Amino acid sequence: MHGRQRVALATILTMGLVVAACAGDDATETTSTPAAPAASPVPTAPTSSADPTPQPTAAAVAAGTETALAPVGDPRPAPELADLVLPDGSPFDLADLRGHDTLVYFGYTHCPDVCPMTLGEVFGVFEALPETQALFVTVDPERDTPEFLDEWTSYMPDNLYAVTGSPGAIRRAADNYGVKYARVETTSTAGYTMSHTADLYLIDADGQYLRAYPFGTKAEEIVTDLEQLQAG
Amino acid sequence: MTRRTMRTSLISAASVAAGLSLALSAVAAQEDGADETGMMASMEPAAETGAMPPGLHVVDPWARESPMLDLAGAAYMIIRNDTDADDALVGAASPVAEVVELHLSSMDAEGMMSMNQVMEIPLPAHADAVLEPGGYHVMLIGLTEPLVADTEFELSLEFMTAEPQTIVLPVRAGASMVMDDDGMADDTGMADDMDMDMDEEEGED
């Protein structure tokens with residue numbers, strides 16, 4: 001336990017202290033996180049991200065994220081994730097995830113920085129609440145084929161599920177959750193990247209959509225929230 | 001918000017790194033601190049005397065576990081420039097990757113995360129450049145071997161002005177690492193020093 005604590009401290013050496021330092025002067029400001037999933041589908045045209053103007057680093061944004069989660073409104077059935085497939089090629093049915101809380105994330109496996117950062121928080125939730133599940137919906141079906149996701153998930157915890165699908169099916173799923181993403185050509189040897197919003201979406205054991213956790217929300221905050229909701 | 005947040009981040013990170021550096025010096029001053037000084041292969045050799053000459057000092061480098069060769073790895077560190085001159089990290093190379101690039105993750109106005117290759121990472125005089133998840137990072141592309149937690153590999157860093165340095169990075173599991181019970185904390189006394197600094201820093205803040 002002590003070892004884990006030290007590891008965690010080593011991590012927040014670069015992140016946590018920054019949060020602490022920022023908490024005071026940012027407390028009254030709203031975070032620049034994306035809106036929660038729209039009640040009705042909101043088509044979002046992919047936009048060019050080739051804007052050369054300096055942007056805040058994702059780390060800085062994460063560091064400025066506050067725990068001020070909005071109250072959970074009336075639960076509603078989780079937005080559809082239709083026509084997607086599991087790594088073994090079988091059709092995915094969101095209803096199969098009922099019975100436990102599920103955190104839904106839209107990302108892509110060839111994402112070496114931001115996605116692992118968020119998935120690391122998800123793994124932290126898994127450790128505290130092992131029955132929690134996660135669903136990784138790729139926004140990069142070209143590279144994240146079922147075969148590729150099959151190998152990728154073999155390195156992931158068993159309660160992390162990954163789905164892919166046709167570009168159209170993934171776009172519809174993303175729109176349902178208010179997720180924006182766009183392919184960006186790069187100069188990198190690693191090829192194109194996908195720009196994408198990076199919130200986590202909570203679907204409860206009854207298949208009800210409850211809320212979004214903005215990018216940068218820490219595992220501990222999610223755990224506390226899930227425990228409160230479950231006790232609720 | 002974002003601009004102030006970034007500045008605050010830099011100040012905070014700088015104070016952390018300064019504390020770390022003090023702790024490292026203190027460790028180095030102990031004659032029996034052989035293991036700990038081994039960890040500081042990236043530091044200036046003169047650190048053994050307890051005094052750090054001005055230069056670029058790499059603090060707490062690490063890379064995330066990356067089991068699949070098809071996926072890029074990422075390496076992070078703090079580069080402390082305590083000289084009077086601005087410098088920049090302009091390139092890197094490693095035996096574990098065919099190509100090593102410098103990248104920056106950022107959030108655009110619509111809340112989308114983007115990652116872009118950069119030609120250099122600025123290392124302003126008397127400041128700490130923080131390479132961290134969600135920010136600047138070193139990307140390891142075309143891995144020649146999986147990056148496995150609790151192992152190490154070499155990374156050479158090329159600077160605009162300063163002499164190149166080769167550092168040794170530990171590989172750590174996961175982004176938040178809370179999963180990893182027996183991770184890097186057991187490698188050296190480094191984590192203990194961080195514990196101390198955490199407490200001190202929190203007290204000062």
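All 6 of the 6 residues of strand 3 (residues 102–107) of chain A are buried, so this strand is largely enclosed by the rest of the structure. Here a residue is buried if 20 or more other C-beta atoms lie within 10 Å of its own, exposed if 12 or fewer, and partly exposed in between, with C-beta atoms placed from the backbone. Strands (E, at least two residues) and helices (H or I, at least four) are DSSP runs, numbered from the N terminus.

The model is predicted: local features need pLDDT of at least 70 and side-chain atom pairs count only at pLDDT 80 or more, while totals for chains, interfaces and linings use all residues. Residues are numbered from 1 along each chain as its sequence is written, and chains are lettered from A and ligands numbered from 1 in the order in which they are written.

**The sheet of chain A**

From strand 3 of chain A, A:Thr102, A:Val104 and A:Phe106 point one way, and A:Leu103, A:Tyr105 and A:Gly107 point the other way; all are buried. Strand 3 of chain A is joined to strand 4 of chain A by 6 bridges, and the two run parallel. Two strands pair if DSSP finds at least two bridges between them. A:Thr102 has A:Gln133 in strand 4 of chain A as its bridge partner.

Strand 4 (residues 133–138) of chain A runs parallel to strand 5 (residues 160–165) of chain A, with 4 bridges between them. One of the facing pairs is A:Phe136 in strand 4 with A:Ala162 in strand 5 of chain A.

Two residues are in contact if their C-beta atoms, placed from the backbone, lie within 7 Å.

The arc is that of the directions from the helix axis to the C-beta atoms.

| Helix of chain A | Buried residues | Arc |
|---|---|---|
| Helix 5 | A:Phe148, A:Leu149 and A:Trp152 | within 95 degrees |
| Helix 6 (residues 167–177) | A:Ile170, A:Ala173, A:Ala174 and A:Tyr177 | within 100 degrees |

The buried residues of helix 5 of chain A fall within their arc, so they line one face of the helix. The buried residues of helix 6 of chain A likewise line one face. An α-helix has 3.6 residues a turn, so residues three or four places apart point the same way.

On the other side of helix 5 of chain A, A:Glu147 and A:Ser154 are exposed. The buried residues of helix 5 of chain A pack against strand 4 and strand 5 of chain A. Those of helix 6 of chain A pack against strand 2, strand 3, strand 4, strand 5, strand 6 and strand 8 of chain A. Just after helix 6 of chain A, A:Gly178 takes a positive phi of about 75 degrees.

**A loop residue that touches chain B**

A:Ala190 lies in the loop between strand 6 (181–184) and strand 7 (193–196) of chain A. A:Ala190 counts as buried because it has 20 C-beta neighbours inside 10 Å. Leaving aside residues up to four places away in sequence, A:Ala190 touches A:His110, B:Ala72, B:Met139 and B:Ile141.

**Chain B**

Chain B has 3 helices and 10 strands. Of its 205 residues, 50% count as buried. Strand 9 (residues 152–159) and strand 10 of chain B run antiparallel and are joined by 6 bridges, and a hairpin links them through 5 residues.
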